[in-house]
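Dear colleague,

Please find below the structure that I am handing over to you. My notes on what was found in it follow.

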Amino acid sequence: MLKTILIDDEKQARVNLKAFLDRLDVALDVIGEAANVEEAYREIKEKSPELIFLDIEMPGGSGFDLLLMFDDWDFEVIFVTAYDHYAIQAIKFSALWYILKPIN
């Protein structure tokens with residue numbers, strides 16, 4: 001099972017994403033959640049996920065700001081955002097995937 005962290009400033013968005021992932025019946029183990037860049041950085045450093053689902057626009061910094069806090073990262077990133085105009089930037093950050101909210 002892939003160790004996974006959900007990062008989104010909106011609690012309901014994290015709840016919806018978790019429910020969506022549960023319905024897919026994929027081998028993911030959600031080992032943590034974070035609501036902002038600072039929390040996310042701590043969660044990643046402490047729990048060493050293999051995959052993160054990352055919102056882009058959050059108070060206090062963006063998902064891109066979070067990734068720039070690492071010299072290198074050894075986890076995959078799936079961006080989950082309500083904004084399609086970040087897609088090119090996400091590709092530059094080697095995103096595994098880019099999901100637009102709302103998730104159905």
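Across which strands does α1 lie, and at about what angle does it run to β2? Helix α1 lies across β1, β2, β3 and β6, and its direction is at about 180° to that of β2. Please bear in mind throughout that this is a predicted model.

The sheet itself is open and has 5 strands, paired in parallel in the order β2-β1-β3-β6-β7. Its edge strands are β2 and β7 (97-100), each of which pairs on one side only. From one strand to the next, the twist averages 20°. Within this sheet, β3 and β6 (residues 76-81) run parallel and are joined by 4 bridges. Ile-52 stands opposite Val-77 in β6.

Helix α2 may interest you in some detail. It lies across β1, β2 and β3, running at about 140° to β2. The helix spans residues 37-47, and its buried residues are Val-37, Ala-40, Glu-43 and Ile-44. These residues are on the same side of α2, because they cover an arc of only 125° around the axis. In general, an α-helix has 3.6 residues a turn, so residues three or four places apart point the same way. The partners of the buried residues of α2 are β1 (2-7), β2 (28-34), β3 (51-54), β4 (57-58), β5 (61-62) and α3 (63-68), against which they pack. Glu-38, Lys-45 and Glu-46 are exposed, and they are carried by the face of α2 turned away from its buried side.

Both ends of this helix deserve a remark. At the start of α2, Asn-36 brings a side-chain oxygen to within 3.1 Å of the backbone nitrogen of Glu-38. After α2 comes Ser-48, which has a positive phi, near 45°.

A further point concerns Asp-8, which is found in the loop between β1 and α1 (11-24). Is Asp-8 buried or exposed? With a relative accessibility of 5%, Asp-8 counts as buried, because the cut-off for that class is under 20%. Its side chain makes a polar contact of 2.6 Å with the side chain of Lys-101. Beyond its neighbours within four places in sequence, Asp-8 is in contact with Ala-13, Arg-14, Ala-34, Ala-35, Asp-55, Met-58, Val-80 and Lys-101.

With kind regards

Methods
Residues numbered from 1 in each chain as written. Predicted model: local features only at pLDDT ≥ 70, side-chain atom pairs only at ≥ 80, totals over all residues. Heavy atoms only, no water. Buried < 20%, exposed > 50% of the residue type's maximum accessible area, 1.4 Å probe, protein only. Helix = DSSP H or I, 4+ residues; strand = E, 2+ residues; numbered from the N terminus. Arc of directions from axis to C-beta. Contact = heavy atoms within 4.5 Å. Polar contact = N/O pair within 3.5 Å; in protein donor to acceptor, adjacent residues only side chain to side chain. Pairing = 2+ DSSP bridges. Axes fitted to C-alpha atoms, helices over the stretch in contact; angles between N-to-C directions.
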